[in-house]
Amino acid sequence: MDETAFPQHPFDARDDDKLREECGVFGVIGVADAANFVALGLHALQHRGQEAGGIVTHDPEAGFSSARRFGYVRDTFTSQKVMETLPGSIGIGHVRYSTAGSKGATQIRDVQPFFGEFAMGGAAIAHNGNIVNADELRKELIERGSIFQSSSDSECIIHLMARSLQKNIPERMKDALRRVEGAFSVVATTRTKLIGCRDALGVRPLVIGKLGDGFVLSSETCALDIIGAELIREVEPGEMVVITEAGIESSKPFNQKRSRFCIFEHVYFSRPDSIIGGRSVYETRRQIGVELAKEAPVEADLVCPVPDSGTPAAIGYSQEAGIPYAMGIIRNQYMGRTFIEPSEQIRNMGVRLKLNVNRALIRGKRVILVDDSVVRGTTSRKIKEMILDAGAAEVHFRIASPPTAWPCFYGVDTPQREKLLAATMSEEEMRQHLAVDSLKFISLDGLYRAVGEAEGRDPAKPAYCDACFSGEYPVVPTDQIAKGFELVEAAE
């Protein structure tokens, strides 16, 4: 078995066998000490990016101020010394999880928000998603004299804004975003305006909240809760909102298309206490478990989640199947930094440092393990071995998403296609590879039913972006095709 599939450092909270959202964005206007609210919002969005974070604020006297740091929000933006450098009543922030592979491969200049000084004043911008024609745009901009400071595709937006002939920053941003292909939720700040925008398909999330006399933009509703803000609504696909202390102006600057929100936000990325499209993420995940129990029943003694992401689906499976729910695997809640210098022996413990089996509960039992996904399969094999070592009679995997067979190019850190287990193996071959008694994934139709599409997936007009399962990409990944990536034909 390939031990290099695990993070090199066993106390690294990252997990190479999970898909990772790459970014979270947050912004506020009309509140005293905006930076403190931004830091709290980013803390609530930490699951969307653990590598680095940044905050930009504006104050009439101090002008624009920024701070960018590696590490968790709690370790970097809780220092009074740092926060005092970020005055003002308007600010935006960003948490990052890059596809570069490790913190060592990322420079601080790659950490957002990015700032640009224009003829009509400065603006800072933070982006969640991925620009699929970034290589093409970067080449064009460099040939025309632009000087890039980072390796991030998001910097293209600043340079495109700089080249626009429009008279104000929101109009320049519209110009820039019309050139961009891919998925984006953007928050930006000028001296007096907070701007939010989603791409025409609405792949990545963005919501508007009200906080006293001020307003909030956030990737998820859970970050509104932490600061006591009230959810107003989602920014609509293809909509730009320009927020001042006087209120919200809305426009639709892009050609309107049918919404294709990322279905994996429901499965895994969003926090279970968030609301998406008026639906509780927790309730959707519980319903996925219900559908899974209907589609793939099996005789067993216990239903156990792979914590923490498999928990709501396991509860739903247990309720529908009438099989007791149990915490058969316990997660160590204090993973992260340690004073132990890891030896090779400790390194080889791998996933056992994060998860431990409740041996007294598992011994002699037929166990259904519910997890949210199988990506490379390395962690699933380790967990199966731990369950069997604890004396389980049988191990049955039930997966709360369809097989992940295609990489995401819209803002999710995905391995190359050949490293995705489902890209090279059938379900039965995966079962044999994982060496479990049974393995079943929820069907794509079952997933659609769980998120509220009673008839399942309409293959002619899918309601969501499900490219990681279907291989049907709603936006052609131009840069990847130029590198040799081959598509299947997408639905219109």
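A crossing of two helices is left-handed if the near helix is turned anticlockwise from the far one by less than a right angle, and right-handed if clockwise. In this predicted model, the crossing of α4 and α5 is left-handed. The contact between these helices involves A134, L137, R138 and L141 on the α4 side, and C156, H159, L160 and R163 on the α5 side. Sorted by class, the residues of this contact are 5 nonpolar, 1 polar and 2 charged.

The axes of α4 (residues 134-143) and α5 (residues 155-163) come within 10 Å of each other and cross at roughly 45°. The two helices are therefore oblique to each other.

The model also has an open sheet of 7 strands, paired antiparallel in the order β4-β3-β5-β2-β11-β10-β12. Its edge strands, β4 (63-70) and β12 (230-234), each pair on one side only. On average, neighbouring strands of this sheet are turned by 15° against each other, direction ignored. Within the sheet, β2 (residues 23-29) and β5 (residues 90-96) run antiparallel and are joined by 7 bridges. I29 has I90 of β5 as its bridge partner.

Confidence is as follows. The chain has a mean pLDDT of 89, and 89% of its residues reach 70 or more.

| Stretch | pLDDT | Contacts in the model |
|---|---|---|
| Residues 1-14 | under 50 | 44 contacts beyond four places in sequence |
| Residues 99-104 | below 50 | 9 contacts beyond near neighbours in sequence |

Where pLDDT is low, predicted coordinates should not be read in detail.

Definitions and conventions
Residues are numbered from 1 along each chain as its sequence is written. This is a predicted model: local features need pLDDT of at least 70, side-chain atom pairs count only at pLDDT 80 or more; totals for chains, interfaces and linings use all residues. Side-chain values use heavy atoms; hydrogens and water are left out. pLDDT is the predictor's confidence in each residue, from 0 to 100. Contact means heavy atoms within 4.5 Å. Axes are lines fitted to C-alpha atoms, for helices over the stretch in contact, and angles run from 0 to 180 degrees between N-to-C directions. Helices (H or I, at least four residues) and strands (E, at least two) are DSSP runs, numbered from the N terminus. Angles under 35 degrees count as roughly parallel, over 145 as roughly antiparallel, 65 to 115 as roughly perpendicular and the rest as oblique. Ala, Val, Leu, Ile, Met, Phe, Trp, Tyr, Cys and Pro count as nonpolar, Asp, Glu, Lys and Arg as charged, and the others, Gly among them, as polar. Two strands pair if DSSP finds at least two bridges between them.
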